[in-house]
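Q: I am new to this structure. Please show me how to read its features.

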Amino acid sequence: MREVRIRDTMSGELRSLEADGEIGIYACGPTVYSRIHIGNARPFVVFSLLARFLRSEGYATKLAINVTDINDKIYTAAAERGISSSELAAEMTAAYFDDTGRLGLGRPDAEPLATETIGPIVGMIADLVEDGHAYESGGDVYFSVRSFDGYGKLSHRPTGEMEQGEGDDAGSLKRDPLDFALWKTHKEGEDTSWESPWGRGRPGWHIECSAMAEAELGQPFTIHGGGSDLVFPHHENEIAQSEAARGTELAKVWMHNGMIETGSEKMSKSVGNIFQLSEAIDAFGAETVVAYLISGHYRQPLAFGEGPLAQAEAGNERLRNFLRENPPAGIEPGAECSAADARFRDALADDFNTPRAMREAFDLVRAVNQRPGDPALAGAGDVLVGMLELVGLGSLAESGEEGPDAAALELLDARNAARAAKDWGRADEIRDQLADLGWEVRDGAEGARLVPRA
RNA sequence: GGCGCCUUGGCGGAGUGGCUACGCAGCGGCCUGCAAAGCCGUUUACACCAGUUCGAUUCUGGUAGGCGCCUCCA
């Protein structure tokens, strides 16, 4: 079991994860008002893979990624489409499960919905009101920011100049512009609402996460994650609510992923809207999307576009080619393989540095290509697949390809015969025919091999 | 305006006070009947200006540019 260290946003320092007890990870999932985009996929991938890595190191781990299915944006988007907000939320929640499911990384251990956590949400608000950290005003309930000393400790903002822009005219109901809504009274045109001690209404965004996190992981838990755009106000407010309500720390480590930067390629028409996750997967495949998302350190911004995606695919192809020649075979790994595997895992243990880890994978590939048969590199295929599985790319080893059919094999035999007779014209003609059938011929020392054309 | 982050070779992207990241693409070569795959090599890479230092891409200060948040946002 390696010591795993993660950069904590609050302190700015690397924090070692405690090995005793379960490691609870809560990551903020999407608000389901539309199909998710590639940016939403980053935390899903990062935290799914982090949980996978921690388990492989022997840590008991529970990953919860929520679905925010109550939100102003959902009401707005539903109205535009002329359907009910619950209908839209259900549709987009299903789409979210489909889209992320296609990534092939499995599901988080828990995926709570805000709409199914109303009880705990109301309970937490009631506790805050009771303790004087929140107050009812005109059917709304607001959190009293000045009642919580630690406000601003995550985002490092001075409270002096802050103001919660809760939109519309809610400000008039607040005692202090810093305060933010925990419960919003039902408004005309909103088609979902729940009973509460303060009348019918719905929860505010931040309290949903506080309640879902506690319901799934208790408090405190180990890692709270999400996109860096959520640091303020969302996570700052979660801390205020949860810590004020429970008197304990919310999470030990705050882990934030950087933004996907779309630049000018944002809505490329040539390949459709690849900005959307489902479209990116349609256009490039799940393996490419995953490889792309781990190509940069999770905390850094990552450039998005057809270029980076195509490059990720080309890198995957290199790995696939290697695994065709060196398929896993249950061989005991040689010394160099074991060392590479250790460095791969060390990189992940050091603030989940996936690009540095992938360097080890590629270095191993090159070493074997340079020195095939070297005993120190025995079992490279097995070791490489083990590495790739950790980062969600294990499927690169499965050809997933159907073997050549009889017709193709017949052509290959014919070409071999032509080559034996040094009839190069005939041999190349057959190669073209095979290409038309979707097969690329690669002549190697041990004969010709058919590989699906890219 | 406030808080914070970033600026690495054609592109993506790690990292380090002195030692080849890695991947993709290009070019040259090797291998091959040819090709593909693979291997080797490859064009002064670390925004700019000062400073600290024996030595800075890597530390400090400033300049320019970019980004995030400050309002819903992964």
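Q: In which hand does α4 pass α6, left-handed or right-handed?
A: First, the basis: this is a predicted model, in which local features need pLDDT of at least 70, side-chain atom pairs count only at pLDDT 80 or more, and totals for chains, interfaces and linings use all residues. Residues are numbered from 1 along each chain as its sequence is written, and chains are lettered from A and ligands numbered from 1 in the order in which they are written. A crossing is left-handed if the near helix is turned anticlockwise from the far one by less than a right angle, and right-handed if clockwise. Helices (H or I, at least four residues) and strands (E, at least two) are DSSP runs, numbered from the N terminus. Here α4 passes α6 in a left-handed crossing.

Q: At what angle do the axes of α4 and α6 cross?
A: Axes are lines fitted to C-alpha atoms, for helices over the stretch in contact, and angles run from 0 to 180 degrees between N-to-C directions. The axes of α4 and helix α6 (residues 231-246) cross at roughly 65° and come within 9 Å. That makes the two helices, α4 and α6, roughly perpendicular (under 35 degrees is roughly parallel, over 145 roughly antiparallel, 65 to 115 roughly perpendicular and the rest oblique).

Q: Which residues make the contact?
A: Two residues are in contact if their C-beta atoms, placed from the backbone, lie within 7 Å. From α4 come M124, D127 and L128, and from α6 come Q241, A244 and A245.

Q: In what order do the strands of the open sheet lie?
A: Strands of a sheet pair through backbone hydrogen bonds, either parallel or antiparallel. Two strands count as paired if DSSP finds at least two bridges between them. In this open sheet of four strands the order is β5-β6-β7-β8, and the pairing is antiparallel. β5 (134-137) and β8 (201-203) are the edge strands, each pairing on one side only. Between β5 and β6 (residues 140-143) there are four bridges, and E136 has V141 in β6 as its bridge partner.

Q: Which helix packs on the sheet?
A: Helix α4 (residues 118-130) does, touching β5, β6, β7 (180-185) and β8, and its direction makes about 100° with that of β5.

Q: Where are cis peptide bonds found?
A: One runs from Q219 to P220, with omega near 0°, and P220 sits in the loop between α5 (205-217) and β9 (221-227). Another joins F232 and P233, with omega about 0°; P233 is found in helix α6.
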